[in-house]
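Please work through the following exercises with the sequence and the model at hand. Each task is followed by a solution in steps.

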Amino acid sequence: MPRIAKETAIVSLLFVLYTVNGVDRVCLSIAMPLLAGHYHFSPMQEGILFSSFFWTYCLFQVPSGLLLDRVLPSVVIVAAVACWGIAAALSGAAVGFGTLLATRLMLGLFEAPFMPAANLIVEKAAGGSARQGKITIIDSGAAFGAALGSYAASAIVAATGSWRLAFLITGGAAVCLAPVAWRRLVARGTTGRPRAPSSDGWTGPPGVRGVLTRDILYMCLGRIAFANVFFGFASWAPSLLIARRHVSLEIAGTITALMFVAAGAGEIVGGAVFGRLRRHVGFDSALRLTIGLSGAVGLAALVAANAIGNLAACAATLVVGLFFYMFGGIYWVIPAAIAPEGRLGLVGGILNFSGTFGGIAVGIVSGWIVKNWGYGALYGYFLACMALYILFSMCLRPHGRASGVSARDDGPGLAVASGVPD
């Protein structure tokens, strides 16, 4: 099999896995109106459940990154897929706040290594300037998963009246995909081997401090603000639409699904836009222009949607805004531009840690805002986060390291693996 075909197969599989990952995350958002009524959850309890996934997901980002710089990332991905599927399915057996909280914590733990591992696999398997397009395609799976999960979970609940069955089906899908991932990524050896550790067991500059730079700081702050809006809408969009627009659960699920289809498409288009701009104006300018467009259109759409009375026009505005906002998925091109040698796994983990921290913040803060000031104040919070995302992103200047990456991009792509049967 030609190298390009192997790369396409790997990227396609990782995209599917991350889409299922997004489905498992968002299922709770669709089921929450029923869960809250059945178990009498307060808004604060709802916020804690929305954010609890991110507690363990966040806690294990940096350890996962350190592990991935030494361990075959494909093995980690396969184990993660199987375990998060089991955790998601177990959510259907929850009997109250405590057990549901436990399954969400398990889900976050096992999903933590996926994107840093996928970033490493793409860096090893894909060469040339198309690398940024491949990683944004994979990362778009989170948005497509949110869309698919919103539609599928609401359809399952509407057809059966059972939120438990929704968790069982979505979690079972991940478990079924784990053997496929094993055969394609591990058994056939298509993702190569990790760097051999040095004599002291370390593969790069000593200590974590070697990667704590100014650009890492701005990358983290920008990603936190970006994630507040994305995960905030993934968690609260159905409830917000029901409360403010007085629509049914099925209509809210459909609108939410359309929003996240647009988000996934926007992330892919954003990667292509960044790639084209980079060839003309360089890495730094392309990054700022793409993110500036992302934040400005997203901010304008969010303001306009709040003022529009017609439901269809409001939904269309949110769909367009989220499409452009997800150009911000190009944040995943930053780790390869600024990571020291042998530290890509760690920097990828730090980036994912930042997004996860944003997910934790929006879960807790949003529950507190809704409880005390209502959904209108929550809308204002999302606007503030969008503004901060633009501000911190404009401060990024990874030109010194990005120039080195550009030089490597001009060369031939890395082989996917040696000794793999064609």
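**Exercise 1.** State which residues Asn228 touches, not counting residues up to four places away in sequence.

*Solution.* Step 1: with contact taken as heavy atoms within 4.5 Å, the residues touched by Asn228 are Gly358, Ala361, Val362, Tyr381, Phe382 and Cys385. Step 2: Asn228 itself belongs to helix α10, residues 214-245, where helices are DSSP runs (H or I, at least four residues) numbered from the N terminus. Step 3: a polar atom of the Asn228 side chain lies 3.4 Å from the backbone oxygen of Gly358.

The model is predicted: local features need pLDDT of at least 70, side-chain atom pairs count only at pLDDT 80 or more, and totals for chains, interfaces and linings use all residues. Residues are numbered from 1 along each chain as its sequence is written, and side-chain values use heavy atoms, with hydrogens and water left out.

**Exercise 2.** Determine whether Asn228 is buried or exposed.

*Solution.* Step 1: buried means under 20% relative accessible area and exposed over 50%, with partly exposed in between (1.4 Å probe, protein chains only). Step 2: Asn228 has 3% relative accessibility and therefore counts as buried.

**Exercise 3.** Identify the buried residues of α3 and explain why they lie on the same side of α3.

*Solution.* Step 1: the buried residues of α3 are Gln61, Ser64, Gly65 and Leu68. Step 2: they share the same side of α3 because they cover an arc of only 100 degrees around the axis, the arc being that of the directions from the helix axis to the C-beta atoms. Step 3: an α-helix has 3.6 residues a turn, so residues three or four places apart point the same way.

Conventions. Helix = DSSP H or I, 4+ residues; strand = E, 2+ residues; numbered from the N terminus. Polar contact = N/O pair within 3.5 Å; in protein donor to acceptor, adjacent residues only side chain to side chain.
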